[in-house]
Structure formats: structure tokens, C-alpha cells
Amino acid sequence: MTMEQAQKQIEIYQQLFQEVRLLSASDLGMEYAAESGQYLVKKDCHCKLCLEKSTCEKECIARDVLKHKGQKTKFENTGTELDEIIERYVEVDGAPCVMELVRRVDADAVIGEVIPESEKTNMTEFYHMLYTDALSQAYNRRYFEDRIRKKVVTAGIAMIDLDDFKISNDTYGHEIGDKLLRAVVATIRGVIRTTDALIRYGGDEFLLVIPNISQKMFEQKLNEILYHIRLVQIPESKNLYLSVSIGAVMAREQVVEEVMPKADKLMYEAKQTKNTIVTEWGRIGEKDDLMQYSGKHTRQCILIVDDSEMNRAILYEMLHMDYDILEADSGEMCIRMLEEYGRDISLILLDIVMPGMNGFGVLEQMNRRKWIETIPVIMISSEHSDFYIRNAYDMGVSDYISRPFDIKVVQRRVNNTIKLYAKQRRLTTILTEQVKSKEESRKIMVAILSQIVEFRNGESGLHVTHVNALVKMLLERLRQVTDQYNISWVRQDLIVMASSLHDIGKIGIDDKILNKKGKLTKEEFEIMKTHTLIGASILENLEEYQQEPLVQTAYEICRWHHERYDGNGYPDGLKGEDIPISAQVVSLADVYDALVSKRVYKEGYTYDTAMHMILNGECGVFNPILIQCLRDIYEKIPAEIYRGGVKLC
């Protein structure tokens, strides 16, 4: 940058930091030796840390930044205050310099970094050993007892529990369980600040304390944590996905140990559904809930994507009064947040030059997934070449802002771009509502048709409802434990809807056979079996709709929901994965409900008896993964589907 640009940037930084200085190599006591290509120490260093200690530090971070052209941050405890000191390499008029930024940090608000000065000398390693959990590398219970428990804080406090982690540990072994635990800690730390405290409170429970954070930003952090933990995997457990339950409260000048029980109670409430966040002000966490939650807020949301924390902080200060702000420090995190928040994001401010996936990589992904059509992007960069600018516009960006930032320019361009796209979104919303209305009508017609079949079958009419609910629970668990079947949210909903039609072929079965109270003869059973082919034939005759995903999925289910994994089912004797997963899931749900429900030819079995019969193979052989899914959800089934009704033996 030029000196004029540097001075403008310093003026902006002075709004955020108590001290801002531009240090030349000479100020740092360094001189560049052209023959060796290295910097040589010639005199004392005048960076803040060296000046305060009245002597040059052995490992001066300012000199190190100059040598390696990077950026470093250090917290310095001065007894009564804590300074955050950032040294950042810049080139001004072609000369290497270091920009030094100093910010006072409230020592009472900093949980994770403060060690009393009187105890600090030669004690860093000792403190690390004393307060670090050896297995997970989070803080340990002793740290909570000594440093956190009695602390008065204004902070977001959350209890985080890894659902079914003990089962995963027992199934895959403690070594893999330990690796997963460390991966979870690393994941959470990737979302929170270094000054926040993450404490391993129990075996698979963590306490998170985030000081001086708004309720809105706290929710965003918790949502990010939930989302990223669900993506955690290690090579040794590629089919294992973790779920997490979070309870959260806001402490306002309160003692931590007095607020914690509320968070703990909310966490156990979240465990009833899993992958959920329950706060003292409401429940969030599931995708639908997130969408409903975000819909309550009228403010637009901007995603700032920049690997420089400093640049993100500057843009945040410029915009947070008028917009909700999300932040990503890499292209990869930007893509993950787009997957999570989707059209809740009104605008992206995107840096070009980043390690890993750069800005153009993000744009490529946005074009491939069609996000660029509904989410505008403004590129932010200090790169001014025609190639960068032209390439950015060719890839669909709406505008281009150069650094250093001018506050009025940024605010005006952001406002104009969001307004322009708001009109397009309104039109899209109208179309979406029309499509949604048609989808609801389709669901109603499917439900009516399925109830006609139930009525003719002489049953209570609840069989379809029960199968729908069981299929949904099984699919949700299946998506957590394996990605083998690549079942999206859309595909899951489609299978649940199509499951309503699994017995539509019974329309063609004689009433005398369909409602016979005794056991069917061999000939009658052969006729009953044809309901699978009749149902498939009905759907095949819908020639105009053969390409509709609902019709295709319903055909799979109607024809093959009585196939068995070992090949001993009907009508086609399909085996293993030759049976579509939609038919496999409906088959298991159908059998379970048939066992526990009363029929014209039998009373209902108890839940335990039905489970025992399925596990013993008395109803045929099922996919082992689906059997495990049924085991996992077994305890929730009575309350969630049958309302705890007692079944006869």
C-alpha cells in the first residue's frame, strides 16, 4: 500500500484499538542484508513489548513477523490490565513494515487466558499440566473448581452433551472414542475465541463459557457448534456421525455455579430430541427450527468472509448496527455456513486472497450450486488488477470494494445491493409459497387415498400414521450413522410421504380375504401377496407421471416392501442392497407396527415382545444397519408414536 493508504487504514484501526503504530525495520532494530537475504539485529527494538520490558525480548514477535511476513498475536498481563497485542506485516511504498495494534482487554471477561502475574513466571507449563484434560485437551474439572466456579460473569453459558457417545465408545472401542472426543474439542475451539473457556465437565459433557457476548451472537456460535459437530468424522469411523444436545443460558453479573444448573436442565430437555439447542428463551437447532427462528428477525444478515480477523473486525464495526453479522475465516467455512443458513444470508462480503479455498473457489462453488442466483456477493480485496476485477464480475459478483475501506462507501454499496436483491427474493417467495401450497395439496390427496385403503381393510386407520412416523425416525437415525445411502432432507420427506401408499394394492384384494379373522390358507395367502404387484401396477398406469420422484419412490415401496434382506421375501425375491432403501425402511416399520397393533386376526404384542421377534428373525431378515437404527430409537417409540399405550401380550 501507499503511505496515504496506510494512514487511512490507521485511522480506521484507531476506532477499534487504543494504540496503532507503523514500525519500520529500523524501528525494530533490524537491517536487511542483501548478500545473505536475511535481517540482522543492529540495535534495540521499539515495539511495545520490548519497550515495556526495557529490554529486547529473545523471541520478539514483531521481529519474527517482519522476517516471515506474517501476523502474530500475544496477550500481555501487566498486573491490573491485559493487553492484546497484534503485530501485522505490511509493505508501505515498497518498504517492509510492521503495523502494531494494541487493545485493552477486560481481565474479568477473559476466562481462558489469564494467569496471575505473581504465579506466571516459569509456571506456564505447570499450569498447562494442572488445568488441561489429558485426553481431550480441553480445560479440566480442576480448572472449573479453581478458576471458574465462583467467578461472577456476564457471559453465555452452555452445557454440551455428546448423545449416545458411550454407545459409540463401546461399539468402536475407546481408542476411536478418544480420537472423536479430541476432534470434537478441536471443532468447538475452531468456532470460539481463545479467550473463551471450554471445560470437560464429565465423560462426554462440556461446559462452555463465552464472556461479553450478545444473545444473538451466542445463538449463532451454538448453531455453528451443533452444525460442525454433526460433521465430525475420523477415518477409523467413517460411518459414525455424532449428535449433540445443548442447553444454554445468559449470565448477567451472576456466579457461574448458580447459573450452570439451569443450562444443565435445558441440556437434558434437548436430549429428548437430540441435535437440538434449548435455551432459556426458546428452542433452536433442527433445520426447520433454525429457519423459523431466523424468520422472527427483520434485520438482514451479512456473511463476512476473510482470513484476517482484523479485516472482519473492521467490517463488523461498520455494519453491525444495521445488520446481523456472521463471520467465516476461510472459503471452506463460508461454504459450510452457506449450507447451514442458505437464503437466511442476505449478502456475502468475500475476500479474494485466502489460504486454501480462495474467493474465486467460493464463487465457483456458488455458481455450481446456484447460490449466486439468490445470494449477492461483494468482493473485498486490496488487489486492483484488471484480471481480478474482470474475473470476479464474470463469476457473478454484484460489486467490488477495495481496501483500505471507506466506511461510507461500504455502507452505501451494501445497502444498495441488499435492496436490489430484496425485490428478487420477494418474487421468489411468492413462487415458493405457490409450490408449497401445491405440495400440501398433494400430501392431503395421498393421505386421503391411504385412509381409504385402511378403511376398507377394517383397521383403525392409524397404521399409515404409525408407519409414517416410524419411517421418519428410522431415516433420521440412518442419516446420522451412515452416508452409504446418500439420503437428503428432500429424499427423506419423499420416502415418508410415499410410505403412506405402501398397501394401496389391497384395494384389489377380496374383502373376505382382507378381513378374515382366522389364519389365511396357503391359497388365500398367495392372493394376499399379490397386493404388492397390484399397487405397483396402479402406479405404472399413471403414465403421465412416471418421471415424478413421488411416483417412482411409491412404486419401489409398493412392490418391494415385503422383500427380505436374505432374499426370502416376495414378490421378486430381491436380496440385500438390490432392495431399494425406501422399501427396506418401510418394510421394517410396517412389520413393527403390525406386531404391536391390534388386527382382526390377533391382539397386539408388547413393545419388548415385538422387538424380540424382529431380532430373532421371526418376521424375516432385515438390513443390519436398519436393525441397529431400530435399537437406537427403540426407547423413544412408545412416547413419540403410540403415546405410551400399553400393548397386550
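Good morning. Please keep in mind throughout that this is a predicted model.

I begin with the backbone. Tyr570 and Pro571 are joined by a cis peptide bond, with omega at about 10 degrees. Pro571 is located in the loop that runs between helix H22 (549-560) and helix H23 (581-596).

Two residues other than glycine deserve mention for a positive phi. For Asp93, phi is near 55 degrees. Asp93 sits in the loop between strand S5 (82-92) and strand S6 (95-105). Is Asp93 buried or exposed? Its relative accessibility is 55%, so Asp93 counts as exposed. For Gln137, phi is near 70 degrees, and this residue belongs to the loop between helix H5 (124-131) and helix H6 (141-148). Gln137 has a relative accessibility of 35% and therefore counts as partly exposed.

I turn now to the second largest pocket. Its volume is about 1,500 Å³. How many residues line the second largest pocket, and which lie nearest its centre? The lining has 40 residues, and those nearest the centre are Arg103, Arg193, Thr195, Glu309 and Glu327. Among the elements that give two or more residues to this lining are strand S4 (71-77), strand S9 (205-211), helix H9 (215-230) and strand S14 (324-328). Helix H12 provides the largest share of the lining, namely 6 residues. By residue class, the lining of the second largest pocket comprises 17 nonpolar, 8 polar and 15 charged residues.

The next topic is the interior. In soluble globular proteins, nonpolar side chains tend to be buried together. In this model, the largest nonpolar core has 53 residues, and Val471, Tyr592, Ile614 and Ile637 have the most contacts inside it. Elements that each supply at least two residues of this core include helix H17 (463-481), helix H18 (489-498), helix H21 (531-540), helix H24 (607-615) and helix H25 (624-633). The largest share of the core, 10 residues, comes from H23. Leaving aside residues up to four places away in sequence, Ile637 touches Leu470, Met473, Tyr592, Leu630 and Tyr642.

Finally, the salt bridges. Side chains of opposite charge can pair when their charged atoms come close. The count for this model comes to 18 salt bridges, and I will describe three of them.

In the pair formed by Arg200 and Asp133, the closest N and O atoms are 3.2 Å apart. This pair links distant parts of the chain, with Arg200 in strand S8 (residues 197-200) and Asp133 in the loop between H5 and H6, 67 residues apart. Both Arg200 and Asp133 are buried.

Glu145 pairs with Arg141, at 3.7 Å between the closest N and O atoms. Both residues lie in helix H6, 4 residues apart, which is about one turn of the helix. Glu145 counts as partly exposed because its relative accessibility is 33%. Arg141 and Glu145 also belong to a network of salt bridges together with Arg149, Lys150 and Glu257.

Arg369 counts as partly exposed at 30% relative accessibility, and Glu339 counts as partly exposed at 33%.

Thank you for your attention.

Terms used: Residues numbered from 1 in each chain as written. Predicted model: local features only at pLDDT ≥ 70, side-chain atom pairs only at ≥ 80, totals over all residues. Heavy atoms only, no water. Buried < 20%, exposed > 50% of the residue type's maximum accessible area, 1.4 Å probe, protein only. 1 Å grid on protein atoms, 1.4 Å probe; cavity = no way out; pocket = protein on both sides within 12 Å on 5 of 7 lines; lining within 4 Å. Points joined across faces, edges and corners; volume = space filled by probe spheres on them. Nonpolar A, V, L, I, M, F, W, Y, C, P; charged D, E, K, R; others polar. Core = buried A, V, L, I, M, F, W, Y, C linked by side-chain atoms within 4.5 Å. Contact = heavy atoms within 4.5 Å. Salt bridge = Lys/Arg side-chain N within 4 Å of Asp/Glu carboxyl O.
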